[in-house]
Amino acid sequence: MNRKVAIVTGTNSNLGLNIVFRLIETEDANVRLTIVVTSRTLPRVQEVIKQIEDFYNKSNRVGDLEIDFDYLLVDFTNMVSVLNAYYDINKKYDAINYLFVNAAQGIFDGIDWFGAVKEVLTSPLEAVTNPTYKIQLEGVKSKDDMGLVFQANVFGPYYFISKILPQLTKGKAYIVWISSIMSDPKYLSLNDIELLKTNASYEGSKRLVDLLHLATYKDLKKLGINQYVVQPGIFTSHSFSKYLNFFTYFGMLLLFYFARLLGSPWHNIDGYKAANAPVYVTRLANPNFEKQDVKYGSATSRDGMPYIKTQEIDPTGMSDVLAYMQKKRLEWDEKLKDQIVETRIPI
Ligand SMILES: NC(=O)C1=CN([C@@H]2O[C@H](COP(=O)(O)OP(=O)(O)OC[C@H]3O[C@@H](n4cnc5c(N)ncnc54)[C@H](OP(=O)(O)O)[C@@H]3O)[C@@H](O)[C@H]2O)C=CC1
Ligand SMILES: CC(C)=CCC[C@@H](C)[C@H]1CC[C@H]2C3=C(CC[C@]12C)[C@@]1(C)CCC(=O)[C@@H](C)[C@@H]1CC3
């Protein structure tokens, strides 16, 4: 049985879970797939493993695909936690075949409901595609003294990748960065790469993801690693449902279906449709022919049919971003060099 290892960060999110579901559906036969679930807490690990097991046992893959589980407790806003996660992987695996960089956070502080109603009434499609009424805090730093959203969504995962590069190389891995349609160049100033002087740090972090991908995929390809950047469109998520009540939740769903009816390709609405592009690039795209300098999007037609829609990425600033990340990586290599030492003395 050929063994493969898949790491999905933020597995217990709507998208993370559906990425695993689609991977189970499309993985080759006669494979033993180890799914490395990641979370910041053990209860969420246990919860998502149960959901994946239920899906697998009801699937038609029980006969020709074996799955087993491992987990990583990692918080990407804590560099010691990221280093621990690397140590964990380094101890257990010599090859990793898939890494989905799915975990992300914003520092949302609620919704400007007056602004939301105004946007919905004046431009309902824009209101649920490029919303400007989500309130984001500005200038929030992590305990590691970095921009919190910058570290969580970009630098933490980048540093993790740099540490497990030997395993990713051995596994001829697919790395899939989850970006967003809200990653326009306007959200990132090259004088504020850690996103501390912006009230759109979430969108800025997704612009950084796009640029970091463009700046690194060619070198990774020389190692046999195929990296892609994708975006899942728009779908229901635990992270923003907490701001909604029964009426606003169903009001949002109604607007999502209305947007799809008006011809929006991006209102996938459910996590399974949203997970189309992330798995497409690893299972169906041919890395010898498919372009890697575009963003693969999960899309849904008016009549609910899923499809893949690519978008060009403006490369402006990619060298500045890469230089910043490489400098930050060397800084943290130095800071963490004696952080974890083997204390067990062999008898
Ligand atoms: N929902 C949408 O419409 C869209 C979502 N996306 C992207 O899709 C991805 C998944 O989104 P969604 O399903 O809504 O996810 P959620 O916001 O519901 O969940 C986020 C996930 O990320 C993990 N996470 C958050 N912060 C950290 C951290 N500091 N360290 C480690 N893990 C962390 C959480 O894990 P835990 O709490 O278990 O630790 C959780 O599983 C994200 O990258 C998001 O930006 C892109 C476009 C649209
Ligand atoms: C207007 C009503 C009745 C309710 C408010 C719904 C909003 C909470 C919701 C509508 C559009 C959503 C949206 C996102 C978050 C939640 C909404 C603002 C994102 C910003 C999530 C992250 C992304 O990457 C974007 C592409 C999403 C855009 C749409």
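Biologist: Is K50 buried, partly exposed or exposed, and what is its relative accessible area?

Modeller: K50 is partly exposed, with a relative accessible area of 46%. Keep in mind that this is a predicted model.

Biologist: Which residue does K50 form a salt bridge with?

Modeller: With D54. The closest N and O atoms of that pair are 2.8 Å apart.

Biologist: And where do D54 and K50 lie?

Modeller: Both are in helix 2, which covers residues 42–58. They are 4 residues apart, and that is about one turn of the helix.

Biologist: Is D54 buried or exposed, or something in between?

Modeller: D54 counts as partly exposed, because its relative accessibility is 29% and the buried class ends under 20% while exposed begins over 50%.

Biologist: How many salt bridges does the structure hold?

Modeller: There are 20 salt bridges in the structure. One of them joins R283 to E27, with the closest N and O atoms 3.6 Å apart.

Biologist: Which residues are linked with R283 and E27 in a network of salt bridges?

Modeller: K4 and D28. Together with E27 and R283 they are linked in a network of salt bridges.

Biologist: New topic, the ligand. How many residues surround ligand 2, and which are the closest?

Modeller: Ligand 2 is surrounded by 20 residues. The closest are Y133, K134, S180, Y202 and F240.

Biologist: How much of ligand 2 does the protein bury?

Modeller: The protein buries 90% of the 620 Å² that ligand 2 exposes when taken alone.

Biologist: Which side chains have a polar atom 2.7 Å from an oxygen atom of ligand 2?

Modeller: S180 has a polar side-chain atom at 2.7 Å from an oxygen atom of ligand 2. Y202 also places a polar side-chain atom 2.7 Å from a ligand 2 oxygen atom.

Biologist: How do the shell residues divide into nonpolar, polar and charged?

Modeller: The shell around ligand 2 has 15 nonpolar residues, 4 polar and 1 charged.

Biologist: Which helix gives the largest share of that shell?

Modeller: Helix 10, with 5 residues. Helix 10 spans 246–261, and both it and helix 4 (113–122) supply at least two residues of the shell.

Biologist: Back to K134, then. Which side chain does it meet in a salt bridge?

Modeller: The side chain of E203, at 2.6 Å from N to O. The pair links distant parts of the chain, since K134 is in strand 6 (residues 134–136) and E203 in helix 8 (residues 201–222), 69 residues apart.

Biologist: Are K134 and E203 buried or partly exposed?

Modeller: K134 counts as partly exposed at 21% relative accessibility, whereas E203 is buried at 2%.

Biologist: Last one, G110. Where is it found, and what is it in contact with?

Modeller: G110 is found in strand 5, residues 108–111. Leaving aside neighbours within four places in sequence, G110 is in contact with Y133, K134, I135 and Y243. G110 counts as buried, at 13% relative accessibility.

Technical notes:
Residues are numbered from 1 along each chain as its sequence is written. Chains are lettered from A and ligands numbered from 1 in the order in which they are written. This is a predicted model: local features need pLDDT of at least 70, side-chain atom pairs count only at pLDDT 80 or more; totals for chains, interfaces and linings use all residues. Side-chain values use heavy atoms; hydrogens and water are left out. A residue is near a molecule or strand if one of its heavy atoms lies within 4 Å of it. A polar contact is a pair of N or O atoms within 3.5 Å; within protein, one must be able to donate a hydrogen and the other to accept it, and residues adjacent in sequence count only if both atoms are side-chain atoms. Accessible areas come from the Shrake-Rupley method with a 1.4 Å probe; for residues, only the protein chains shown count as cover. Ala, Val, Leu, Ile, Met, Phe, Trp, Tyr, Cys and Pro count as nonpolar, Asp, Glu, Lys and Arg as charged, and the others, Gly among them, as polar. A salt bridge is a side-chain nitrogen of Lys or Arg within 4 Å of a carboxyl oxygen of Asp or Glu. Buried means under 20% relative accessible area, exposed over 50%, partly exposed in between (1.4 Å probe, protein chains only). Contact means heavy atoms within 4.5 Å.
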